[in-house]
Amino acid sequence: MKFDVQALDRKWQRYWKEHKTYRTATTTGKPKYYVLDMFPYPSGSGLHVGHPLGYIGSDIVARQKRQAGYNVLHPMGFDAFGLPAEQYAIDTGVHPSESTAVNTARYREQMETLGLSFDWDRSVNTSDPDYFKWTQWIIGQVFEHWYDTEQDRARPIAELIDLLEQEGTSGVRAAETEPLDVTAEDFRGMGPKERSDLLMNYRLAFRSVSYVNWCEALGTVLANDEVKDGRSERGNHPVEQRPMLQWSLRITAYAERLLAGLDTVDYSEGLKAQQVNWIGKSTGALVHFDIEGHDRQLDVFTTRPDTIFGTTFMVIAPELELVDELTTPAQRQEIDDYLAYVGRRSEVDRMSENKVTGAFTGAYAINPLNEARVPIYIAEYVLKDYGTGAIMAVPSDDERDKRFAQKFGIDIIEVVDKTDYPGASLKDKLGKLINSGFLDGMEVPEAIEAATQRIETLGRGERQINYRIRDLVFSRQRYWGEPWPIVYDADDVPQLVPTEELPVTLPEMDDFRAVSGASPLERATDWINTPSGRRETDTMPATAGSNWYYLRYMDPHNPGEFVSKEAVDYWRDVDLYVGGAEHAVSHILYSRLIHKFLFDLDKVPTREPYKKLLNQGMIGGPISYVHLGVLLADDGQRHPIWVGSDVAEGTPLDVPGVGKGYLVLDESSGTRLTPIRFVTETSVNNESSFRLYKHAVEEAQQSDQQDAAYFRTILQQAGAFAWTLDKEGRPYLELSVEQGKMSKRKYNAVNPDDICARYGADCFRMYEMFLGPIDQAKPWSVSGIDGVYRFLRRYWNLFVGNDDQLNVSEGEATKEELKVLHTLLKKVGEDIDKLSFNTCISAFMVATNELTKLGCNKRAILEPTVRLIAPFAPHVAEELHAALGGSGSVHHANWPEAVDKYLVEDSFTYPIAFNGKTRLTLDFPAGASREDVEAGARADTQVQGYLDGKSVRKVIVVPGRMVNFVVA
RNA sequence: GCCGCCAUGGCGGAAUUGGUAGACGCGCUGGAUUCAAAAUCCAGUUCCUUCGGGAGUGUGGGUUCGAUUCCCACUGGCGGUACCA
């Protein structure tokens with residue numbers, strides 16, 4: 001038997017496939033363990049070495065649990081709906097289902113190459129009608145429910161209708177878009193359309209006109225988490241706020257439960273913090289201010305009701321309809337000018353400039369506690385979406401209000417004396433109240449309570465909790481997604497498509513382009529018009545399918561239900577969920593929402609979908625950039641050229657084919673950088689240096705079409721390279737470099753297939769685990785993989801002689817050998833539980849080194865290590881298991897447990913420290929008493945040397961640990 | 001700004017409830033083997049040193065017999081978020 005990793009990979013991957021080694025049955029007497037990876041979006045560029053980090057970690061756990069006697073569910077599938085496939089279709093004319101099928105097959109192949117133990121029979125694909133039938137069904141159920149805030153759960157719409165018919169809105173305590181006041185009588189008298197519109201105020205999936213993130217370039221609306229810095233996360237296109245008619249999910253109804261549930265799950269602190277921030281709970285009071293000369297009131301939300309005596313003006317969001325009503329004729333022009341200014345400003349402007357702007361409406365509000373008359377302004381810094389869209393401004397205790405007051409010359413009344421708290425900032429809730437009537441002298445927390453009570457007693461407001469989280473916009477005007485299962489009937493009332501008629505599949509189309517806000521589905525006229533009415537043409541966002549996929553794996557082929565009760569009662573929830581931190585907020589939060597909704601419907605037995613979550617660290621790669629400069633020629637002409645990053649501005653240059661002159665760097669941005677391929681990494685003075693060599697460029701230009709085309713594009717931007725010569729006289733450009741996420745566009749992605757082909761899957765798996773803690777970000781570097789390969793080779797050589805024949809003896813193991821074995825068993829067992837895979841690998845290395853040194857080839861020692869290494873190196877382990885005569889697959893063999901009696905030491909080597917500094921070590925019997933150890937240490941001549949001429953103040957002996965002499 | 005995470009040799013990283021800092025691997029140095037190279041094996045490798053020893057885990061302080069570990073302040077890096085009242 002030769003150590004031929006490629007042959008081993010092929011042999012055993014075929015074996016596992018043929019024998020369905022990783023098939024999982026649902027009914028069994030074993031305890032269950034569910035290990036899940038976040039399923040990928042199958043993009044055209046395939047997996048890079050960053051993806052498998054998590055897959056390998058979860059695979060190790062899955063395999064270990066399987067051996068330890070659990071029934072393990074370890075599935076993989078594809079999040080196949082989404083924008084890129086559709087963009088690709090628009091660019092190339094290839095139907096998204098075709099490109100998706102190709103990419104999916106490639107991903108699966110790559111995963112099989114890595115030796116991952118997925119049960120592919122349970123695979124799901126969100127774009128498969130058999131799958132999205134149930135996505136549509138679940139969202140349909142959301143549509144058919146409302147949220148009862150008293151019972152704190154979702155209830156069927158039919159029950160809401162009963163309530164409304166009997167008591168009207170006064171009998172309803174519900175999560176709602178806006179408070180309504182409708183009597184039972186009015187409700188009973190409503191027509192179908194009117195009723196439907198009313199119910200939309202309560203449905204958990206509802207359609208409403210609201211300000212949404214509109215992305216013109218993508219032709220669709222986007223959710224808040226798909227927008228970064230006023231631009232679309234995908235494609236980096238500008239995004240604007242537009243009022244549009246859209247479907248949303250009422251996630252705000254679940255805000256409190258989503259927050260509370262975080263205490264019951266094992267997620268990292270950072271991830272919990274992100275979710276908490278996203279939900280953004282704040283406790284305060286809703287306060288009603290009268291408006292002078294108007295019947296209506298101005299409601300504001302504040303977390304600092306204690307500072308109400310410091311209110312010197314009010315601010316409302318420019319978008320509110322109230323603005324028009326309040327504006328006095330004298331201020332009309334000023335307000336209109338300001339509104340026009342706000343309308344001109346994009347999201348990006350608003351974020352980047354952060355200017356103090358606003359305008360006075362001419363109206364005044366009356367402070368309910370001291371009857372003070374305060375002016376009402378409008379200003380951009382007050383957001384229409386948060387709270388009531390209006391604030392009471394307290395310039396003494398709010399940074400933004402202060403800046404505004406200073407700019408507009410408004411009074412500032414100090415109401416909180418912070419002199420007892422030096423260093424406290426304006427927003428800290430610390431200090432003693434002054435100039436505040438009955439609150440004077442109170443500390444802030446006490447004053448908040450007192451002010452809130454007074455406001456409530458006077459009937460001028462009430463306690464309120466506000467959440468930053470917004471309802472989730474769940475419409476996309478795109479083709480490649482699940483159609484909303486809704487048909488508008490003759491009265492224009494949205495009707496849910498009955499379960500028997502699901503799935504609503506996409507019509508065949510050739511052109512997927514979205515035209516100014518209209519879904520491409522609008523053009524599929526045959527599809528839209530049904531006997532029962534007109535179909536909804538919005539599709540669902542990509543999160544729709546991934547919200548619940550972990551449930552489908554439990555029962556993937558069930559034609560009658562999204563998951564059977566039997567399956568979900570057995571598998572319950574995900575024990576370990578592994579995936580990238582980039583999904584920390586959106587995906588996790590939304591699937592928790594759907595899970596809680598399904599819990600309310602009694603469809604799942606658990607309150608949380610994921611018990612434990614592990615975010616693997618990102619593997620970055622060096623991105624090399626070539627710098628674009630300008631050659632200012634002697635004749636005054638300016639020629640763009642590529643220059644080295646080490647060439648300073650003003651350097652004289654003589655570039656063949658361009659001319660002589662000086663280097664000028666691009667005025668606008670200093671230097672323009674372009675990521676580049678064909679980079680050579682060299683070492684100069686012990687520092688690594690990234691260079692683009694002229695010979696590499698020339699070779700690329702002469703090689704295949706793609707590479708040549710690449711440099712044609714590069715040379716279109718600047719016609720020449722300003723080469724420098726290295727020590728050997730070869731022309732090159734020095735490149736600047738930064739670590740970044742692996743990406744095809746940055747030319748820093750490394751393909752795992754290449755590594756597997758060279759070193760074998762086992763070596764690749766162990767190397768990725770050996771890089772460091774799985775949750776830490778790290779740069780990819782291939783240096784060091786040889787060390788892991790050498791280790792695997794040495795491990796193999798414990799079993800196999802130089803003649804490539806199995807060479808294992810039946811001799812009895814020595815005490816020393818048993819100790820090596822059981823130390824290893826203990827360490828690896830513990831470290832897998834801690835998800836500390838890197839230290840497992842070193843433990844294997846240590847044990848292999850020791851067994852090699854001991855010349856141990858005994859079956860009694862080696863055989864258990866095969867079962868132990870199986871989760872890490874499944875191919876090599878399978879081969880050795882078979883060679884040793886093991887029956888069946890090693891992956892179904894028992895997990896070897898450490899036995900403590902082999903770990904007991906006869907003696908312990910004590911570190912002997914003086915004043916805490918270790919100076920020497922001494923051996924004492926393992927059972928030696930404190931006194932024996934101290935006496936023994938004092939008797940030692942070396943110790944006496946250290947104690948010579950000093951007085952011993954104290955001796956600390958911790959048996960089995962250390963000895964410390966405190967001397968003076 | 002705010003929230004979270006991180007900081008240890010030339011590099012990736014290890015170190016149990018505070019108890020021998022630098023495991024394991026890379027790289028480097030020397031040696032064996034070889035006609036030679038690759039591969040493999042062996043030894044050494046935190047820094048300074050007058051070879052006695054001394055210093056040392058981002059910086060400064062604290063608690064302790066003893067701190068990489070706990071506490072306080074700061075610096076730097078990564079990720080998230082941002083006019084959230």
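I began with Pro503, whose place is in the loop between strand E21 (494-496) and helix H16 (525-528); here helices (H or I, at least four residues) and strands (E, at least two) are DSSP runs, numbered from the N terminus. A cis peptide bond joins Leu502 and Pro503, with omega about 0°. I noted this because most residues other than glycine have a negative phi, and most peptide bonds are trans.

Before going further I wrote down the ground rules. This is a predicted model, in which local features need pLDDT of at least 70 and side-chain atom pairs count only at pLDDT 80 or more, while totals for chains, interfaces and linings use all residues. Residues are numbered from 1 along each chain as its sequence is written, chains are lettered from A and ligands numbered from 1 in the order in which they are written, and side-chain values use heavy atoms, with hydrogens and water left out.

**Backbone entries**

I looked up positive phi values next. Asn435, not a glycine, has a positive phi of about 50°, and Asn435 lies in the loop between strand E17 (432-433) and helix H15 (444-457). Leu835, also not a glycine, has a positive phi of about 60°, and its place is in the loop between helix H26 (815-833) and helix H27 (837-854). Leu835 counts as buried because its relative accessibility is 12%, where buried means under 20% relative accessible area, exposed over 50%, and partly exposed in between (1.4 Å probe, protein chains only).

**The chain as a whole**

I then stepped back to chain A, whose secondary structure comes to 31 helices and 40 strands. Its C-alpha atoms fill a box of roughly 100 × 80 × 80 Å along the principal axes, and buried residues make up 52% of the 968 residues. For contacts (heavy atoms within 4.5 Å), I found that residues 24 or more positions apart account for 69% of those in chain A with a separation of 6 or more.

I also checked the record: UniProt lists residues 38-120 for "domain: Methionyl/Leucyl tRNA synthetase" in an unreviewed entry. UniProt positions are given in the numbering used here, feature names are shortened, and annotations may be inferred rather than shown by experiment. In the model, the end C-alpha atoms of residues 38-120 lie 15 Å apart, and the span is 53% helix and 4% strand.

**Cores and helix H28**

Which residues touch the most other members of the largest nonpolar core? I found Met766, Phe799, Val828 and Phe872, in a core of 170 residues; a nonpolar core is a set of buried Ala, Val, Leu, Ile, Met, Phe, Trp, Tyr and Cys residues joined through side-chain atoms within 4.5 Å. Leaving out residues up to four places away in sequence, Phe872 touches Ile60, Asp762, Arg765, Met766, Val828, Ile832, Phe837, Cys840, Ile841 and Phe844. I noted a second, separate core of 50 residues, which includes Ala285, Val287, Leu298 and Ile448.

Why is helix H28 (residues 859-869) described as largely enclosed by the rest of the structure? I recorded that 8 of its 11 residues are buried, so the description follows from that count. Among the buried residues of H28 are Ile861, Leu862, Thr865 and Arg867. Their cover includes helix H2 (52-67), H24, helix H25 (785-797), H26, H27 and helix H29 (874-883).

**Single residues**

I placed Phe711 in helix H22 (residues 705-717), where it counts as buried because its relative accessibility is 0%. Apart from residues up to four places away in sequence, Phe711 touches Ile676, Phe678, Val697, Ala700, Gln701 and Phe721.

Is His639 buried or partly exposed? I found it in strand E27 (residues 638-643), and His639 counts as partly exposed because its relative accessibility is 23%. With residues up to four places away in sequence not counted, His639 touches Gly629, Val630, Leu631, Ala633 and Val658.

My last entry is Pro773, found in the loop between helix H24 (761-770) and strand E36 (778-779). Pro773 counts as partly exposed because its relative accessibility is 32%. Pro773 and Phe837 are 64 residues apart in sequence and 7.1 Å apart in space, C-alpha to C-alpha, and Pro773 touches Lys778 and Asn838, not counting residues up to four places away in sequence.
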